[in-house]
Amino acid sequence: MAASTAKKEVRDNFCRGEIWGIVRQRVGSYNLMQSLQRIRPLVVNSSKCYSHAVKQMTVQEALNSALHEEMSADPNVFLMGEEVGQNQGLYKISIGLLKKYGPGRVLDTPITEAGFTGIGVGAAYHGLKPIVEFMTFNFSMQAIDHIINSAAKMNYMSAGQISVPIVFRGPNGAAAGGGAQHSHCFAAWYASCPGLKVLAPYSSEDARGLLKAAIRDPDPVVFLENGLLYEESFPVSEEVLDSNFFLPIGKAKIEREGKDVTITAFSRMVGYALKAAEILEKEGISAEVINLRSIRPLDRATINASVRKTRRLVTVEDGFPQHGVGSEICTSVIEESFHYLDAPVGRITGADVLVPYNAVLERMSLPQVEDIVRAAKRTCNGSVQMASTA
Amino acid sequence: MSLTTSTKFAQPLPLNTTSSRSKEHKLLFDPFRTNSFLGSTHKLRFNSLSKSNQTNLHRRSAIVAVSDVVKEKKSKPSTNLLITKEEGLELYEDMVLGRAFEDMCAQMYYRGKMFGFVHLYNGQEAVSTGFIKLLKQEDSVASTYRDHVHSLSKGVSARAVMSELFGKATGCCRGQGGSMHMFSKEHNVLGGFAFIGEGIPVATGAAFSSKYRREVLKEADCDHVTVAFFGDGTCNNGQFFECLNMAALWKLPIVFVVENNLWAIGMSHVRATSDPEIWKKGPAFGMPGVHVDGMDVLKVREVAKEAIGRARRGEGPTLVECETYRFRGHSLADPDELRDPAEKAHYAARDPITALKRYMIDNNLVTEQELKTIEKKIDEVVEDAVEFADESPHPPRSQLLENVFADPKGFGIGPDGRYRCEDPKFTQGTAHV
């Protein structure tokens, strides 16, 4: 499992003393050390090794802890959205916040996405740091005017005078049985706009580190969570639980190393890709799984480096195929690493239909593990069959 | 020419009152006579009343029409003047600056120096001057695409605005914003938005931040007010109502100013709106709604004092509808064929600058010479602005990629190879992508 191999590396690195200054503010997960050789490690003469008892944490707990820590660290941070206060968040992400920080900082809004998103943006113009929660990102379509026009474009139009340190967060993408209007994935739409940063965490570590980074970032960040991941539990190290733990925006994570095919994914699909990689392992194909983490800015360097190593690419996402995230990744790889490719790039996406309600049809319209396995095998066999959409 | 001089505050009625407004007070503004809305021939007089503390009554304030004073100078002794000489000169200068600047914009546009969408404010100067000249530098203003004069009134220099319109690097937004996107952090001009209705939630957010600072961050002296300007077309937009609700709900220090010039490009207000009286929408949300003659800067100023005072004292928002008119088309590309020439002439005769001039001269506040000096000075300012803008350089090509993000490298690696979070100045992003 990817986590266990990574854990071993952490343990080795910690005990060797080549660790980041843990007593001071620190960024990054342990995997970064491999991909960022130009960072000078701060050698600490300590015999301290963190305990390796790894804690389990759900994504919901991770997000909640990140919110608590950031709100206590900076009084300018406040949360607003529907049901976030008294009801503790529809998905319980904001448990305990109203009680601890009061109604001045945790605002239950009326059902007025356009209005309250604009209010958040206006408050951000004056230096406050709002976190605007959408009950689902589908509702952000009523507020997209403000996300794009008054938040994303502001720093540019005002030539740097007014920056917008706001975070828009909420569940995005497929929700079991949600139907067409509740299951739309907005990663591609938001990521196409310059001026926005778009993040899509997968594990609890991603959720914690990226949300903390997003809140501290001086630019507008669209933080795409996933409703089906909230209750999933992941192992987290002590380092992740540290209140100064941040993940950098714009860097992808290699969840699993491999040498035959690169599979990129984000959010829920990372889990599927990892399962597919295990199945492929048994069949002799070593897949490298990249967790994108950041859709804008896209970590083209990591993706291209990986493809140059493995020479094959499959992108996975559960959004719609046309103009999706996968299209951008494939094009980037074709433009920059064409001569390294041994097979055509492959995209696995949701079907080119709206997400149906019926459970069987819904399953057919979203990518499944076997689709990823099939696509990976196809690129490895060099076959040029047309990809069926899901 | 006689004018409507209707002004009133309409407060929401508490539920347990049994008195009806219409019985106790003569209805100053009869909603059933739509003619009066567009500029009636009725002349209404007011008696000054002491302010009532009850919230369920009409309040009439002692606002006297500028032209009425002029006309009845002989028959009645003039009432107390509303402005001092200094204030009068300040108002006059601001309005003349707005007018001269906009006229110069038109000239420059037709000579090809300015391009894109340019929307001029001629005729509406009384609203901008009447409100903005009562604000402090820390107060914020949010506007729409018709924002040149709001920026000028708020204090952005004519040079900066003209350069921005020419697209030069010395503009207030380095040429990246343009006519419709005037921003100034220093003067708290929050734009400049192309979408109508977009500025209203943003202004409400700015007002929210003022309240947040006072109550959560405990900066007790933070009483900054925000004024949001928008038009009659915007008043049918959903965001407007959402913000009226939330501003009243949370008692935010904001004034919503409707510049009702009766036309949204070519769509007449009465054709687009089920109930054309916009001031009435305020009480529906629990805030006072006021209608004022927007061609008269003194009346606007009186209403503005009250509304801004309310906001500063923490009593919540106000909706002010200013009946005004734009002398030019919607934009410089608008042929303006739909508006009736008689209507245009009617309002041209109520030019706010001429009205203020007559008021000040007839009340012996100033001499003609002093006003001429101001006009000459403004002409020079505008000429200088054009010269400055002409001579300013275009932005360098490297500016294309700048300012997309405040912190372009993200919360990541700084230019010296170390993680940004370890740098104490990490939130000051670079300008280069």
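Trainee: How many helices and strands are there in chain B?
Mentor: This is a predicted model, and the elements of chain B can be counted in it. Chain B has 15 helices and eight strands.

Trainee: What percentage of the residues in chain B is buried?
Mentor: Buried means under 20% relative accessible area. Chain B has 433 residues, and the buried ones make up 58%.

Trainee: Among contacts in chain B between residues at least 6 apart in sequence, what percentage joins residues at least 24 apart?
Mentor: A contact here needs heavy atoms within 4.5 Å. Of the contacts in chain B between residues at least 6 apart in sequence, those joining residues at least 24 apart make up 75%.

Trainee: How do α4(B) and α14(B) lie to each other, roughly parallel or roughly antiparallel?
Mentor: Helix α4 (residues 85-110) and helix α14 (residues 352-362) of chain B have axes 10 Å apart and pack at an angle of about 155 degrees. Angles over 145 degrees count as roughly antiparallel. The two helices, α4(B) and α14(B), are therefore roughly antiparallel.

Trainee: Which residues of α14(B) meet α4(B), and in which hand of crossing does α4(B) pass α14(B)?
Mentor: On the α4(B) side, the residues are B:G88, B:L89, B:L91, B:Y92, B:M95, B:V96 and B:R99. They meet B:P352, B:I353, B:L356, B:K357 and B:M360 of α14(B). The crossing of α4(B) past α14(B) is left-handed.

Trainee: How does α4(B) lie to α7(B), roughly parallel or roughly antiparallel?
Mentor: The axes of α4(B) and helix α7 (residues 158-166) of chain B cross at roughly 25 degrees and come within 12 Å. Contact runs between B:F101, B:M104, B:C105 and B:M108 of α4(B) and B:A158, B:V161, B:M162, B:L165 and B:F166 of α7(B). Angles under 35 degrees count as roughly parallel, so α4(B) and α7(B) are roughly parallel.

Trainee: How far does helix α9 of chain B reach from its first C-alpha to its last?
Mentor: Helix α9 of chain B covers residues 238-249, 12 residues in number. At 1.5 Å a residue, 16 Å is expected. The reach in the model is close to that, at 17 Å.

Trainee: At the start of α9(B), which residue has a side-chain oxygen within 3.1 Å of the backbone nitrogen of B:Q239?
Mentor: B:Q239 is itself buried, as are B:F240, B:C243, B:L244, B:M246, B:A247 and B:A248 in α9(B). Just after the helix, B:K251 takes a positive phi of about 50 degrees. At the start of α9(B), the side-chain oxygen comes from B:N237.

Trainee: Which residues of chain B does A:P110 touch?
Mentor: A:P110 is in the loop between β4 (106-108) and α5 (113-125) of chain A. Leaving out residues up to four places away in sequence, A:P110 touches A:E82 and A:F116 in chain A. In chain B, A:P110 touches B:N245, B:M246, B:L249 and B:W250.

Trainee: Is A:S158 buried or exposed?
Mentor: A:S158 lies in the loop between α7 (154-157) and β6 (167-171) of chain A, and touches B:C173 and B:F183. A polar atom of the A:S158 side chain lies 3.1 Å from the backbone nitrogen of A:I162. Because its relative accessibility is 0%, A:S158 counts as buried.

Trainee: What is the relative accessible area of A:P321?
Mentor: A:P321 is in the loop between β15 (313-316) and α13 (325-337) of chain A. The residues A:P321 touches include A:S327, A:R347 and A:D352. A:P321 is buried, with a relative accessible area of 10%.

Key
Residues numbered from 1 in each chain as written. Chains lettered and ligands numbered in written order. Predicted model: local features only at pLDDT ≥ 70, side-chain atom pairs only at ≥ 80, totals over all residues. Heavy atoms only, no water. Helix = DSSP H or I, 4+ residues; strand = E, 2+ residues; numbered from the N terminus. Expected span 1.5 Å × (residues − 1). Buried < 20%, exposed > 50% of the residue type's maximum accessible area, 1.4 Å probe, protein only. Polar contact = N/O pair within 3.5 Å; in protein donor to acceptor, adjacent residues only side chain to side chain. Axes fitted to C-alpha atoms, helices over the stretch in contact; angles between N-to-C directions. Parallel < 35°, antiparallel > 145°, perpendicular 65-115°, else oblique. Left-handed = near helix turned anticlockwise from the far one by under 90°.
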